[in-house]
Amino acid sequence: MNELGRRMRRMRHRLSLTLQELGAKSGVSVGYLSQVERGNATPSLGTLSQIATALGVDVDYFIAKPQTADSITRSEHRARFAIAGSSIEYEQIGIASPGHELTSFIMNVPPGYQSEVVTHVGEEIIYVLDGEISQTVGARDYLMTAGDSLHYLGETPHCWSNKTDLPARILWVGKMQYEKSAQVGPQQSQDRDTPDNLVPLRPSLRRE
């Protein structure tokens, strides 16, 4: 068990929550929560925020996220951080401030990285800065290279990966309503993959 898993289990026990109850509150599957607690899985920042909200803590409870004092970030001085156990390095380009609803990061993705499947309320836009990213949204696969973008609703199950042997960089922007995420279950979201939900810049490759 790593430090993230220990903190998650400690807070869950403090609140007298079972994994099933935490799963219902967070919208994250019980099996995945169990893997995170045992240190066998490292959640993305979005999934970690869902778990933190369900436990009544800020995401900083799990990570030491640097604070940005100003609304401008310079490339050479941009705050960087990572989730314990994750190989993704985040560059903070947005700020947490009252009235701000968007979250934004540059994500440095190492070769071979594979995210978990995520479902949540809100929406996301990803823009590939460098390298190649394979994105799955519902039943559709997208192969994205530098300059390509994808805009989709979080209620459709989605995941992404870097299947190459070279690093990739992604600009990620999202509006995440974590307090409502538990209202969206995996079964509810299976039929939400409609053309109106997706705005791809490259043709999709439907899986057989």
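Helix 1 and helix 3 first. In this predicted model, helix 1, residues 3-14, packs against helix 3, residues 30-37, at an angle of about 120°. Their axes are 7 Å apart. Angles of 65 to 115 degrees count as roughly perpendicular and those over 145 as roughly antiparallel. Helix 1 and helix 3 are therefore oblique to each other.

Who makes the contact? From helix 1, we have Leu 4, Gly 5, Met 8, Arg 9 and Arg 12. From helix 3, Leu 33, Val 36 and Glu 37. Look at the spacing on your screen. An α-helix has 3.6 residues a turn, so residues three or four places apart point the same way.

Next, helix 4, residues 45-55. Is this helix enclosed or open? Of its 11 residues, 10 are buried, so helix 4 is largely enclosed by the rest of the structure. What do they pack against? Just past the end of helix 4 sits Gly 56, with a positive phi of about 75°.

Now the core. The largest nonpolar core has 41 residues. Which members touch the most others? Leu 55, Phe 62 and Met 107. Helix 4 gives the most to this core, contributing six residues.

Stay with Met 107. Set aside its neighbours within four places in sequence. Met 107 is then in contact with Ile 88, Glu 89, Tyr 90, Trp 160, Ala 168, Arg 169, Ile 170 and Trp 172.

Two of those names, Tyr 90 and Trp 172, bring us to the rings. How many aromatic pairs does a search of the whole structure find? Three. One of them is Tyr 90 with Phe 105. This pair is edge-to-face, 5.6 Å centre to centre, with 70° between the planes. The pair links distant parts of the chain. Tyr 90 lies in strand 2 and Phe 105 in strand 3, 15 residues apart. Both Tyr 90 and Phe 105 are buried. Trp 172 joins in too: ring pairs link Tyr 90, Phe 105 and Trp 172 into a cluster.

Key
Residues numbered from 1 in each chain as written. Predicted model: local features only at pLDDT ≥ 70, side-chain atom pairs only at ≥ 80, totals over all residues. Heavy atoms only, no water. Axes fitted to C-alpha atoms, helices over the stretch in contact; angles between N-to-C directions. Helix = DSSP H or I, 4+ residues; strand = E, 2+ residues; numbered from the N terminus. Parallel < 35°, antiparallel > 145°, perpendicular 65-115°, else oblique. Contact = heavy atoms within 4.5 Å. Buried < 20%, exposed > 50% of the residue type's maximum accessible area, 1.4 Å probe, protein only. Core = buried A, V, L, I, M, F, W, Y, C linked by side-chain atoms within 4.5 Å. Phe/Tyr/Trp six-rings, centres within 6.5 Å; stacked < 30°, edge-to-face > 60°.
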